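Open the model in your viewer and keep the sequence panel beside it. The tour below goes from one selection to the next.

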Amino acid sequence: MAGAMAGVDLRDELRRELVRHPRVVHQHLYDGSEARARLGDVVPPFIPFRGEGYTSAMWVLDWDHRLPSRELILRVYAFYSDEARQRGRKTLAAREAEVAREDLFPEFDVPDFSGLFADEAYEAELTADGTPKKFRLVSEWRREVEPKLGQRAEEIVRASQAFKELASQVRTRAPGLGDLESAEWAPPPESGHKRWGIDVWYLRSFNGMVGEGTAFLVDLQDEKVISQREFQFRSG
């Protein structure tokens, strides 16, 4: 788990190259180097989770399956090695070929560029004024928290004043809701914290369809709770 910027800066990769979905190109959105430079100036820094650092990245500007588009999707596929980059490029080329086969009038919808291979994959909605919303880590491994690290994160939350206050307020909590759960890794672009942390979830209620809870962001290096937020989810 890295804690400082290393390798290439993903913002420089964006300034250098931006792959645009054909439906974005057709709408003449974000043409040219100046548009890339503006985006590079407003995206946050990224910190690699594993290894020495990033070696490269693919930035993709995806469409929102609307014409005209209302809110585009900015994706970044980051790599730790040249081998990973080559694999990522192959998945991009395959998806581009799929889009080309289906991009025929009068067909409206065509595939987008989600789900390509990468060591780390993020996405963010891009608003009308060109400012990306908060980036989300969409790599499936984000929920693979090592048991020892997860247990330590839960211990830190349990000992915190924030959790003690919350537990004292939740008096009617059903016992079947379980205990604290180290649910997923939280990267800096998503959490706003300076390094990677672990989100520890505490489910407060669940009626069979909708659940509500509190997520505590834990910094394992400083051994403390950095912040907490409320969340809601629907089953199925």
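A residue counts as buried when its relative accessible area is under 20%. Keep that cut-off in mind for the first stop. The model on screen is predicted.

Select β6, residues 181–186. Of its 6 residues, 5 are buried, so β6 is largely enclosed by the rest of the structure.

β6 and β7 run antiparallel and are joined by 5 bridges. To look at one pairing, pick serine 182; its bridge partner in β7 is valine 200.

Next, go to the largest pocket, which holds about 440 Å³ of space. Which residues lie nearest its centre? Select Glu184, Asp199, Trp201, Ala215 and Arg229 to see them; the whole lining has 22 residues. Colouring the lining by class shows 9 nonpolar, 4 polar and 9 charged residues.

The last stop is the second largest pocket, with a volume of about 190 Å³. Select its lining: Arg75, Tyr77, Ser114, Gly115, Leu116, Ala118, Ala121, Glu123, Val138, Ser139, Glu140 and Trp141. Then show β3 (72–79) and β4 (120–126), each of which supplies at least two residues of this lining. By class, the lining of the second largest pocket has 6 nonpolar, 3 polar and 3 charged residues.

How values were computed:
Residues are numbered from 1 along each chain as its sequence is written. This is a predicted model: local features need pLDDT of at least 70, side-chain atom pairs count only at pLDDT 80 or more; totals for chains, interfaces and linings use all residues. Side-chain values use heavy atoms; hydrogens and water are left out. On a 1 Å grid over the protein atoms alone, a cavity is a set of points where a 1.4 Å probe fits but cannot get out, and a pocket is an open set with protein on both sides within 12 Å along at least five of seven lines; lining residues have an atom within 4 Å of a point. Grid points are joined across faces, edges and corners, and a volume is the space filled by probe spheres set on the points. Helices (H or I, at least four residues) and strands (E, at least two) are DSSP runs, numbered from the N terminus. Ala, Val, Leu, Ile, Met, Phe, Trp, Tyr, Cys and Pro count as nonpolar, Asp, Glu, Lys and Arg as charged, and the others, Gly among them, as polar. Buried means under 20% relative accessible area, exposed over 50%, partly exposed in between (1.4 Å probe, protein chains only). Two strands pair if DSSP finds at least two bridges between them.
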